[in-house]
Amino acid sequence: MTRLLLSLSLILFSAMAALAQQTAPTQITGPWHGTLEAPGTRVTIIFRLSNSESGQLTTAMDIPMQGVKGMAIPETELREDSLYLRIPAGGIAFAGKIAGPETINGSWKQAGMAFPLSLAKGEPTEAKRPQMPVKPYPY
């Protein structure tokens with residue numbers, strides 16, 4: 001009997017430890033941005049993760065340089081400390097490991113090539129453009 005109780009306690013403890021290590025979907029929701037550096041170009045990508053009404057994790061993608069805003073990512077999966085995003089129709093995938101509360105280190109795969117893509121929590125900072133001067137003008 002003692003052996004049975006010990007075994008059940010061990011199984012319960014293991015299950016609780018595994019659950020504690022998983023990232024909660026609410027901790028990952030919100031905007032995440034990163035710069036994809038492909039040959040000859042640098043593109044800022046923004047992923048907006050949210051929970052649907054049913055509790056399912058969903059993602060929309062913005063690529064401001066290409067005029068993409070709110071593009072739905074068909075497949076979003078959070079497994080333990082890893083995030084997987086897939087657009088099967090375009091052969092595009094992102095796989096990243098959550099490195100901290102504000103960092104995801106991963107890889108963007110497209111057209112048979114893979115590029116490193118690290119994401120930071122929040123909106124990207126907007127570059128100040130000298131073409132858009134603000135009063136009082138410096139000239």
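Student: Which residues touch the most other members of the largest nonpolar core?

Tutor: This is a predicted model, in which local features need pLDDT of at least 70 and side-chain atom pairs count only at pLDDT 80 or more, while totals for chains, interfaces and linings use all residues. Residues are numbered from 1 along each chain as its sequence is written, and side-chain values use heavy atoms, with hydrogens and water left out. A nonpolar core is a set of buried Ala, Val, Leu, Ile, Met, Phe, Trp, Tyr and Cys residues joined through side-chain atoms within 4.5 Å, where buried means under 20% relative accessible area, exposed over 50% and partly exposed in between (1.4 Å probe, protein chains only). The largest such core has 22 residues, and those that touch the most other members are Ile45, Phe47 and Trp108.

Student: Which strand gives the most to this core?

Tutor: Strands are DSSP runs of E with at least two residues, numbered from the N terminus. At least two core residues come from each of β1 (30-38), β2 (41-51), β3 (57-63), β6 (82-87), β7 (92-100), β8 (103-110) and β9 (113-121). With four residues, the strand that gives the most is β2.

Student: What does tryptophan 108 touch, not counting residues up to four places away in sequence?

Tutor: Contact means heavy atoms within 4.5 Å. By that rule, the residues touched by tryptophan 108 are Leu36, Ile45, Phe47, Met61, Ile92, Ala93, Phe94, Met113, Ala114, Phe115 and Leu117.

Student: Which strands stand at the edges of the sheet?

Tutor: Two strands pair if DSSP finds at least two bridges between them. Nine strands are arranged in an open sheet, with antiparallel pairing, in the order β4-β3-β2-β1-β9-β8-β7-β6-β5. An edge strand here has a single partner, so one side of it is left without a neighbour in the sheet; this holds for β4 (68-73) and β5 (75-79).

Student: Which residue in β9 is the bridge partner of histidine 33?

Tutor: β1 and β9 run antiparallel and are joined by two bridges. In β9, histidine 33 has as its bridge partner alanine 120.

Student: How many residues apart are glutamate 123 and arginine 48?

Tutor: A salt bridge puts a side-chain nitrogen of Lys or Arg within 4 Å of a carboxyl oxygen of Asp or Glu, and the structure holds seven of them. In one, the side chains of glutamate 123 and arginine 48 meet at 2.5 Å, N to O. Glutamate 123 is in the segment after β9 and arginine 48 is in strand β2, so this pair links distant parts of the chain.

Student: Where is aspartate 81, the partner of lysine 97 in a salt bridge?

Tutor: The side chains of lysine 97 and aspartate 81 meet at 2.8 Å, N to O. Lysine 97 is partly exposed at 47% relative accessibility, and aspartate 81 is partly exposed at 25%.

Student: Which residues are linked with Glu77 in a network of salt bridges?

Tutor: Glutamate 77 and arginine 79 form a salt bridge of 2.6 Å, N to O. Glutamate 77 is partly exposed at 28%, as is arginine 79 at 44%. The network joins Glu77 with Glu75, Arg79 and Arg86.

Student: Is threonine 76 buried or exposed?

Tutor: Threonine 76 is part of strand β5. Leaving aside neighbours within four places in sequence, threonine 76 is in contact with residues including Thr59, Leu83 and Tyr84. At 13% relative accessibility, threonine 76 counts as buried.
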